[in-house]
Structure formats: C-alpha cells, structure tokens
Amino acid sequence: MLNFVVRRLLAMLPVLLAVSLLTFLIASLLPGDLALVILGDQATPENVAALRRDMGLDQPLWWRYLSWLGHVLQGDLGRSYRTGQTVLQAVAERIPVSLQLMLMAEFIGLVIGVPVAIACAARAGGAFDRFMTGSAFAILSMPSFLVAILLIYLFALELHWLPATGYVPFTEEPLNNLRFFVLPALTLALAEWPGIMRVLRSDMIATLQEDYIALAKAKGLKPARILFVHALKPSSLTLVTVTGINIGRLLGGTLIVESIFALPGIGRLLVGAIYTRDLVILQGVVLLVACGFVIVNFIVDMLYAVLDPRIRHGHA
Amino acid sequence: MSTLLTIADVVVELPTPRGNLRAVDHVDLSLEAGRTLGIVGESGCGKTMLSRAVLQLLPKKAKLTGRVMFDGQDLARLAPESLRRLRGRDLAVVFQDPMTSLNPVLTIGTQLMETIQEHLELDASAAMARSIELLTAVGIPAPEQRLAQYPHQCSGGMRQRIAIAIALSCEPKLLIADEPTTALDVTIQAQILDLLAREQRRRHMAMIIITHDLGVVAGRADEVAVMYAGRVVERAPTQALFKRMHMPYTEALLAAIPKLDAAPHTPLPAISGRPPDPTRPLRGCSFAPRCRYAAGRCHEAKPALTSAETPGHLYACFHPIQMAAGVDA
C-alpha cells in the first residue's frame, strides 16, 4: 500500500511540471505587449522599454519560465499589477466560495444520483428505470443558465423561499450563507446527477450479472444487503472517477453560475483577470487550479485502492 | 428415508431472438435426504439450467413450469421472503468457477459470517468461531488469518474450499454442486470431490453433483441422471448404470473420457456432431443425428423413459445397447 502511494505521488511530479509549462506558455503567448497594456497607449517607447526590463519581458522565454518556476517553488506566485494583491491572497479570498459551491453541488448531485441509480439498476428495464433514464437525459440537455433562471423564478420570485443572488461568508452568518448557496448548488447538481446516475446505473447492472451476486442470492441475503454491500462497492469505481473529474472541474470555479448568482468565486476571478489582462493572476490561478485537479485525481487513485483490495495489493 | 426434493415435469424456456429455447424439457427427478444424485451431460444439455430452476436463480426472462418440491414446499411458487430464508440455510450451492463466485471486494470472513448471521441466531464472535471451524473442516490452514484476507489472495482450490465452507455454513439439507471441479487443476479436483463426499456423510445432507464427467459421479453418486438436449435420457442407480448402460449417449459419454491405460496416440472416440439447436426441437430422438445405432423410428418419434429390468433403471431409447458397457466401450 505504501509502495502504491509513493508510486502515485512520484507520477504526479511530471504532470505538475507539464502543467506549469503549459500555464506559463498560454499566458506568455497571448498576443499583446504586457508593458504596453499596463502603461496605456500614451506611454513613451522609453518607458515601455524600461518596464519591459523591470518585468523581465526582454529576457528569452525559457529564462522567464525558469525564473517564474523558481519563484513559484518558493511559494511566490507573483502579484497583480492592478490591485497589488498577490495571487495567493486573491485565491485565498475566492476559494472558500468555489469550494463551498463545489461541495454542496457534488453532495446534492450524489444524494440524488446514487439512490436513483441503485433503484434503476435493481429493476433495470422497469417503468421507474425507463422514466428516470429519460428524465436524466432531458435534464442533462438543459443548459445551466436556463436551469438557474428557472430556479430563481420558482424559488426566489414566486415562492420567496430563497434569495436570488448574493453572498455572505459562512463565518459571519452561517444560515444565510447556506441560503445563498442553495440555488447555485442546485443548479450545478441538476447537471451533475444525470452523469452520476448513468455511470453508476450501468456499472451496477453489469455487476448484478456477476456470479458472486448469484451466490449472494443463493446465500439467502436480504436484497438490500446484496445491493448495498455486494454490488455497490465493486460498481463504484467509475462513479469515483466521474466525481473526481466533477470536483476538479468545479474547483476551477463555474463562471456562468457564479455570474448569475453573484458569487465571488474563482470563476469570476479568472474572467476578471482575462478582461484586464492581469496575466500574473491568470497564470497563477490556472496553475493552482490545475494542481488542485491533479491532487483530486491522486485522491481518486487512493480511493480505488480503498474500494478494490486487488489494486491495494498490486494484483490488478 | 423421506423424499427431500422432487422435480416434477419441469420445463424451462428462455426467450431468444431466434425463438423460445427450451433449456429443460419435462424433467422428473427425485432425491432422498442424505443421498447423492449425479446429473451428467455435455455443455448446453440443460443441467445447469435445471439446477438454477431448483435454486430459483433462473434469468429474469426464463419461464418455468412444473413443480420443484423441496421439503414439502413448491419452490417455484414460494414467496420471495420465504425463499430467501430457505436459501443458504436449507438449500446451498457451490458454483463452477471459484474465481468469479466470491465477491472480490469483501473479505472471506465477511462472506462467511454474513451467511451464518443471516440464518442462525449467532452474535459476531460466535459467527467468527463457527467460520474458523468451517474453514478448518474444509482444510484451510491458518483459518484465523484467512478471515481477514480477500479472495484474490487465495488460490483457485483454496477459493473453492471457501465456497464450500460458505455452502456448509448453515448445515443445509441439500447442497447443489454445479461442476465444482471443472475450473480447477486436475490434482485439486479429487481433493475437492473427496471433501464434498466427506462433509456430506458427516452432515448427512443430500447432494446434487452436476458434471460433464461420468468419472466424477462413478463411486460418488447413489443415482445418476444423464441429460441430453434438456431431457433426462437415462437414469439409474450408479452401480446399475455402470454395469449396463442402455442409452447410446451414456455409452458415448463414457467412451469420450481418456483412458489411462490407452496406448499413446490413440484417438479419443469423441461424440461427433453437436447437440441439436434447442430453439428448433427435432421430431424424433434428439440424439438420433449423432447416434451410431439410430434407425428409422428414431427419426420419427421421441422415445419415452421406460423401465429396464434392473429396478430404478430408466432409459429413453428405441435401440438400447445390448452388451455390457464399460468392457470395450
């Protein structure tokens, strides 16, 4: 097991390195001269040249990459030229919002998706299964901005149960904070559960054909035990993968949902950085989000080993 | 002795895109408590479907008619909850492939103890003690350590022993062993069969051994039923059968077993041809197209099971073999 963890950790290094290179290249290869952007079109060529020298923009690309990487490794991701905020400060300010949104959305998605998938697989081809598979497909094909608007219309404007937009930190008003997050999280969850439901349902149907399920029935076990203990665990590997990918994706913020519900998350930070050409923030945030993604994938790999003892013992 | 299991006029049909497949075709069998019945036949003859019909583990779309009387109850008409209480406790099974019949993500201890705790009123420590006792009985060394292990950490023979321990865990009245040694190494096969026979005597349970190998049932079963194309074509007390088989198919099955004393490069007299398409039943005897004794009437009508001179010996053939089989077969 320790061996497995170390192997997985070592495998992350080249990925992280590649991520840093790509992030840097994308930001550097964007058209336009950063010094010119900062100084505006009234700047004299001398001023521009001086700023370029100060920022190291006159150095070759590889040297700029290495020096940036050197700073990053020391924990210095740079500072926004506009607000003076460091990347870490900006992210630390925004990440609780995106993290909370992601957790709540994923939680609601799993709470809807997993039981529905199990119920569908238990009676595959039955009326409930066909109805839910159809509904999942219909909901999946609705864009999130539409879902968001429908939810706001129903729960905020008509029923007045929940606020439409806004945000307060959890530490200040926990209850109101949760109320602000319900609708955006639900919007995301409605897009998440059909995927969760479909992968788990199809894996579960395949598992239920296995010999060991026939034996579990022949042992006279209760149907619930067969479904939840014998079938769910071996069927949940793809589910864990999909959930990991979802979490990684939502970690980077969800621009549309954050914008509609006026949540100050990572998604809006990134878009702001793009509009204002704040490349330091842009590449720093992208790098951090990518690292988050890699770490989530590492956790997913670890979960495989928890779920399947054959992976833990290096047999598969 | 009392009759434990009566299979009466059982038909199993499976819908397929090419029409209904009759996997089991009007089978009658019975088994007394503590006795062993061998069901022999080649792949696709319906022997596994018959065992699944007894266990009520047929595929969802399969249609079963007839009666499966077990211990005075018709399993085919039993409520799911009553059936569940019966399975694992009075009626147990060992499947063919121990590589797939144990759950890969649950420990051996969990898979043993869950059966015990489902049917017997034992607490966790008593169930664990019983599991260790069972693993010892089936010849697993260091059973305490095995409980915490997973199936992939055990060899095939070991896994089949564990599957047997699970089957024995609640002292069933009937154990169905569906080709219990087919997936195992030859050296392990005899060990597993001897283990089953020993535990059967010790626990006085009835057993059905399903196999394609007449050699497996010889000396182990009290009675043998030979199946072909979903029907029982010969049924007899084991000794009577091996003394004198009437059905040419049984003889052909026996001849297809390699002999130890045969000279090298002796061709094996395999049964030529293939079983008939079960979705297109023949008018005559199902074995006729492959039978070297088949003549006129065999292609026209199905022979019914008729009694031979020996008591309890039944066969379905118009041209039974006259000579004593096993001598030059």
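Guide: Chain B is the part to follow, and it meets chain A: 25 residues of chain B are in contact with 19 residues of chain A. Contact means that the C-beta atoms of two residues, placed from the backbone, lie within 7 Å. On the side of chain A that touches chain B, the elements giving two or more residues are α9 (211-218), α10 (223-235) and α15 (309-312) of chain A. α9(A) gives the most, with six residues. By class, this side of chain A has seven charged residues (Asp, Glu, Lys, Arg), eight nonpolar (Ala, Val, Leu, Ile, Met, Phe, Trp, Tyr, Cys, Pro) and four polar (the others, Gly among them).

This is a predicted model: local features need pLDDT of at least 70, side-chain atom pairs count only at pLDDT 80 or more, and totals for chains, interfaces and linings use all residues. Residues are numbered from 1 along each chain as its sequence is written, while chains are lettered from A and ligands numbered from 1 in the order in which they are written.

Now chain B as a whole. Chain B has twelve strands and eleven helices. These are DSSP runs numbered from the N terminus: helices are H or I, at least four residues, and strands are E, at least two. The radius of gyration of chain B, taken over C-alpha atoms, is 21 Å, close to the 20 Å from the globule rule (2.2 Å times the number of residues to the power 0.38) for 329 residues, so chain B is as compact as a globular protein of that length. Its C-alpha trace spans about 65 × 50 × 45 Å along the principal axes.

Next, the sheet. Eight strands of chain B form an open sheet with mixed pairing, in the order β6-β7-β8-β3-β9-β10-β12-β11. Strands pair if DSSP finds at least two bridges between them. The edge strands β6 (91-94) and β11 (306-307) of chain B each pair on one side only. In chain B, β7 (174-178) and β8 (206-211) run parallel, joined by five bridges. One of the links has B:Ala177 with B:Ile209 of β8(B) as its bridge partner.

Helices lie across this sheet. α1 (47-55) of chain B lies across β3 (36-40), β6, β7, β8 and β9 (223-228) of chain B, at about 150° to β7(B). α11 (248-255) of chain B lies across β3, β9 and β10 (231-237) of chain B, at about 100° to β9(B). Axes are lines fitted to C-alpha atoms, for helices over the stretch in contact, and angles run from 0 to 180 degrees between N-to-C directions.
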